[in-house]
Structures are given as C-alpha cells and as structure tokens.
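Please keep the sequence and the structure in view while reading.

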Amino acid sequence: DTMRRVVRQSKFRHVFGQAVKNDQCYDDIRVSRVTWDSSFCAVNPRFVAIIVDASGGGAFLVLPLHKTGRIDKSYPTVCGHTGPVLDIDWCPHNDQVIASGSEDCTVMVWQIPENGLTLSLTEPVVVLEGHSKRVGIVAWHPTARNVLLSAGCDNAIIIWNVGTGEALINLDDMHVDMIYNVSWNRNGSLICTASKDKKVRVIDPRKQEIVAEKDKAHEGARPMRAIFLADGNIFTTGFSRMSERQLALWNPKNMEEPIALHEMDTSNGVLLPFYDPDTNIIYLCGKGDSSIRYFEITDESPYVHYLNTFSSKEPQRGMGFMPKRGLDVNKCEIARFFKLHERKCEPIIMTVPRKSDLFQDDLYPDTAGPEAALEAEEWFEGKNADPLLISLKHGYIPGKNRDLKVVKKNILDNKPAANKKSDLINAPKKAADASNPQNEAKLDEILRELKCIKDTISSQDERISKLEQQMAKLAD
C-alpha cells in the first residue's frame, strides 16, 4: 500500500515561487555587510525595513511597501545607533513600531510615521540599556503588548516592558556560550534557544528555569537555529559532524531522540527557518544560497515532507517574511519573501495554483491579527493567551495604530527589591478586603462603557480607512 501511495496528497504540493518584475523591486540599496547571521530584513503589511551600510554608526531603511524602484541615496534612514545594527523586528501589534539591536549594546524602539519617513529618524521612543556586549537578537512577544526580548553576546536574554522602558526579566546564567537564536512559542509562555555549545534549551522565562534541553542537537560546529511550531514541537536546523546541513523535529517533552532528522546537502550557509503556523509550512533560506526550500510538517511519518525548491541565480544576503495578513488572498498567495541581494531587495511570491476566484478558506484559516491578547503587566504577572485571530476573507485593511507611549516610572517610588515577593503575596488579600458589591457593580459599569467606546472607535476607524481609500481612488 505504501508503494502505491508514493506521492503524498497535499494541497501544497504544487506551491510555486515567482520573483516579481524588476520595477517592483527596491533598487540601489547598500545592504549591510556585517558578518552576522540575522535576516537583515523585516516586513509587515505597511513597510519593509532593511539594515544598510552606514558610515559612523548603524542604520536601517524603512520603505512603504509601494515605494518600489530606485531608492535615492539621500533617502532618510533610521540612524540613532552608534554601532552597526544587527537585528530588527516589527511589533506584531503595531505596524508602525520597530525594534533594533546593535553592536553599541543597546536596543532601541522606534515609531515610524504613518506614511513613512520624510526625514531621517535619530530619536527612538525608548532606549533599552542592559546588555554589556552587542545585541544580536530582538524578538517581540507574540501575544502581549509591548513585551520585547533581546539577546546579546554577553549570553544574556533580557525581557523588557517597552511601555515603561524597564528590564523585568534577566536570564543571564542559562547560556555559557553565544546564543544563535531565540524563538517564542505560539502563546509566548516559553522560549527556545539554540546556542554555540550545541544545546537547544526550552526556557520558562517568568519562572526563570530551563524546562527541557538537548545536548548536541546537531553535532556540527556551525550555527544552529531552533524555532517553536504551533503544536509545541521544536524544529531545528544545523550541521552534522561531516558538515552536512540537517533539519530535525523534536518533542520538548522528550528530547532524547528527534521525531525526525534529515540530511540535506553540504553547503556552509546557515539555514534560516521561516514558519507559517496556519499552513504548517517551513521555508528554509540559506544565507548565501540562491534557493528557498520548503517543507510541510504533519503528524504522520516522515513528519517533515519536502515540497519543493524555489531557485534563482543570485545568492541571498538576507530575507524578510511577510505576516499572513499582508498577503494577497485573491491570488492564493501563501507566503511572500523579501530577498536581499547586494544592492537590492526582491519580493518573491509563493502561490498555490487554483482555478477558482473565490476565497480559498482551506488555504487561509483565521490568522493572528494585529490586536494584542494581553497587556504587558498581565503577562509578567503570569497570564497566558493565544493570539487573537482574524479572518482574511475580505483581505486585511490596516486600521489606525495608536502611538507607542513610554511611561517611565519614578525610580524613587520603587520599594527595595527584597520586598517584591511579599508585596505580591499580600496584595491580593488587601484587594479582596476592599472589594464590596457596590464597587464591583461600579467596575462592571465602567468596563461596559469602555467596551462600548472601544467598539465605536474601531468601527469609526474602519469607516475612516474606507473613506480614505475612496478618496485615494478618486484622486488617482
């Protein structure tokens, strides 16, 4: 029977990649030449951000998606860092907020004007200082507003409340060697890391403990990557002892043996994995490769199914990956990459060929929307929440983003740290004593009114954006 079913049934079997025409690329960009294995590019439904070479400091470009063609040498940049920028990440809950980590040991968070930059941006909304060596990784929490993780070459991971500019969790004793990458799980309750000591660790950041680890996940000495999948399993890329590139799938509850381990080829570029939780497809982009390979993850053997390879002539310096809500659902587009060459950025579109023009709901299950499921404080207090999902049936229309405001707490008001635990224990009791039926009724009333106002605002936002679109059409 297995012999007959050589070709596995999958709706993604015929996914094909296509580079856009030349006039839809972003040209004449001096892509950063820093030797660092991050993707150098971050995209969202409004903007593409690219780390560029800059004299006397670090900079990155932020271009509105429609600003294709040749980019003028004098085009404004985001240039507040004093050393090269190593990593950038768009906030998943605000398409105008981006974080950057740099060789100058700082993390900066920036607010980009709604229509892009007209002048260079030198003033971040907040500077996060806490690392003693360069910061090579920044990653926003997937479901809690204003929670940002950074990892540096001091082998420390810091989790910040961006809304107050404070470092609230510092994991500085878990890694003895360089951290290659950090990945949040779907609801942001755990992180997994790959490190130069060849270990993959699963960490509960709020309890500050390692809940699982695998030594020598890949035997080779070259850099590894580890990412969480939607079902809680972990996907890794790395190298064998013979320097062959490998990919593997692990169950964090039992890391003894991988669920699957595949050898790929003998190239020395680090494989950057990009994962789409809606379709369970992983795209592997090797730095310096000229191809993107993609695989479907399922729960039947061999678990990691090779689908196809997109090949081009030019090697890639870096890669951006568009969130699902930025894709064109009318064209059955299931992924869009922004491939960096030496002097340009080229979008590559992955499509499932379908004859029908109707919305393909099997390709587009509800996907993570731009609304945060939790506030930062709730997450730090121990709450978890899955992403809030939205339907893409009518495409995604970006709403208005609220400005990022940072409220610096008065340090003098802070009690000595030693009291923190006992305060937390006593607080709920005090609150319970104070609550009486009258207060609760009042609270309910306020919450109802708040919700009512929020609903009104969001419907007005939609109305505004529709009117703006109509205006734009008439103007064209």
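## Strand β26 and its two partners

Ser291 has Ser311 as its bridge partner in β27. The model is a predicted one, in which local features need pLDDT of at least 70 and side-chain atom pairs count only at pLDDT 80 or more, while totals for chains, interfaces and linings use all residues. Residues are numbered from 1 along each chain as its sequence is written, and side-chain values use heavy atoms, with hydrogens and water left out.

Strand β27 (residues 304-311) runs antiparallel to β26 and is joined to β26 by seven bridges. In the hairpin of these two strands, six residues lie between them, and Tyr303 takes a positive phi near 70°. Strand β25 (residues 281-286) also pairs with β26 in the antiparallel sense, over five bridges, and here Leu284 stands opposite Arg293. The hairpin of β25 and β26 has four residues between the strands, with Gly288 at a positive phi near 90°.

## Burial of β26

Strand β26 (residues 291-297) is mostly covered, with seven of its seven residues buried, where buried means under 20% relative accessible area, exposed over 50% and partly exposed in between (1.4 Å probe, protein chains only). In a regular strand the side chains alternate between the two faces of the sheet. Both faces of β26 are covered: Ser291, Arg293, Phe295 and Ile297 are buried on one side, and Ile292, Tyr294 and Glu296 on the other.

## An open sheet of four strands

Elsewhere, four strands form an open sheet in the order β12-β13-β14-β15, with antiparallel pairing. Because β12 (135-140) and β15 (166-171) stand at the edges with a single partner strand each, one side of each is left without a neighbour in the sheet. Strands β13 (residues 147-152) and β14 (residues 157-161) pair over five bridges in the antiparallel sense, and Val147 stands opposite Asn161 in β14.

Over residues 128-170 the chain is 0% helix and 56% strand, with the end C-alpha atoms 13 Å apart. Over residues 172-213 the chain is 0% helix and 50% strand, and the end C-alpha atoms are 17 Å apart.

Key
Pairing = 2+ DSSP bridges.
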